[in-house]
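Thank you all for coming; I would like to walk you through one structure, beginning with a pair of side chains and ending at the ligand. Please have the sequence and the picture in view as I go.

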Amino acid sequence: METRAVYPGSFDPVTNGHIDLIQRSAALFDQVIVAILRNTEKTPLFTVEERTEMLEEAVRDLKNVSVTSFAGLLVDFALQNQASVIVRGIRAISDYEYELQMALMNRRLSNKVETVFMLPAESYSFLSSKLVKEIAQLGGSIRGFVPADVEKRLRDKFRIE
Ligand code: PNS
């Protein structure tokens, strides 16, 4: 039977660390659905449409990866899409506590969906969308942290020449 995985997140914006994880997931599972959370309480820098465009561009060559958005409970989205796996990336121990809490809560909500933790390449272990946004806003170089088109969009958002 085919195994379908969901890789959920805010992706505001997608980083090379996310892409690394998507590639690893695509090699492991038959289908990977990258799912952007909508209706978050956080105020995002990029709209869901912009984030979708950036992700679609990033996964263009991965034939078993699709990009969509979701609202509501993640386990409900997974079940509705016949996905039995939730993929989450763990960079450092500091990520673990929050991820453990979410994974166990999701397991309580549905025992039909299993969370799988994956490690990005260690060169991305310090990378986060939050830091990338902060560096871009303050005029620092974000080359190598995000795809070229995302770098351009960040520069445009913060009007950096
Ligand atoms: O990249 P992020 O922002 O850390 O992703 C968090 C995400 C989207 C995985 C999490 O906020 C989520 O699953 N939200 C959907 C609502 C939900 O299911 N909440 C209960 C989680 S136990």
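This is a predicted model: local features need pLDDT of at least 70, side-chain atom pairs count only at pLDDT 80 or more; totals for chains, interfaces and linings use all residues.

Because Asp 20 and Arg 24 are four residues apart in helix 1, which covers residues 16-28, they are separated by about one helical turn; helices here are DSSP runs of H or I with at least four residues, strands are runs of E with at least two, and both are numbered from the N terminus. Asp 20 forms a salt bridge with Arg 24, and their closest N and O atoms are 2.7 Å apart, where a salt bridge means a side-chain nitrogen of Lys or Arg within 4 Å of a carboxyl oxygen of Asp or Glu. Side chains of opposite charge can pair when their charged atoms come close. By this rule, the count comes to twelve salt bridges.

Residues are numbered from 1 along each chain as its sequence is written, and side-chain values use heavy atoms, with hydrogens and water left out.

Next comes the loop between strand 1 and helix 1, where we find Pro 13 and also Phe 11. A cis peptide bond, with omega about 0°, joins Asp 12 to Pro 13, and Phe 11, although not a glycine, has a positive phi near 50°.

Now to the ligand: which residues are closest to it? Of the 14 residues that surround the ligand, the closest are Gly 9, Ser 10, Lys 42, Leu 74 and Arg 88, and a residue counts as near if one of its heavy atoms lies within 4 Å. Helix 4 supplies the largest share of this shell, four residues, and strand 1 (4-9) and helix 4 (93-109) each supply at least two.

Oxygen atoms of the ligand lie 2.5 Å from a side-chain N or O atom of Ser 10, 2.8 Å from a backbone N or O atom of Leu 74, and 3.0 Å from a polar side-chain atom of Arg 88.

Definitions and conventions
A polar contact is a pair of N or O atoms within 3.5 Å; within protein, one must be able to donate a hydrogen and the other to accept it, and residues adjacent in sequence count only if both atoms are side-chain atoms.
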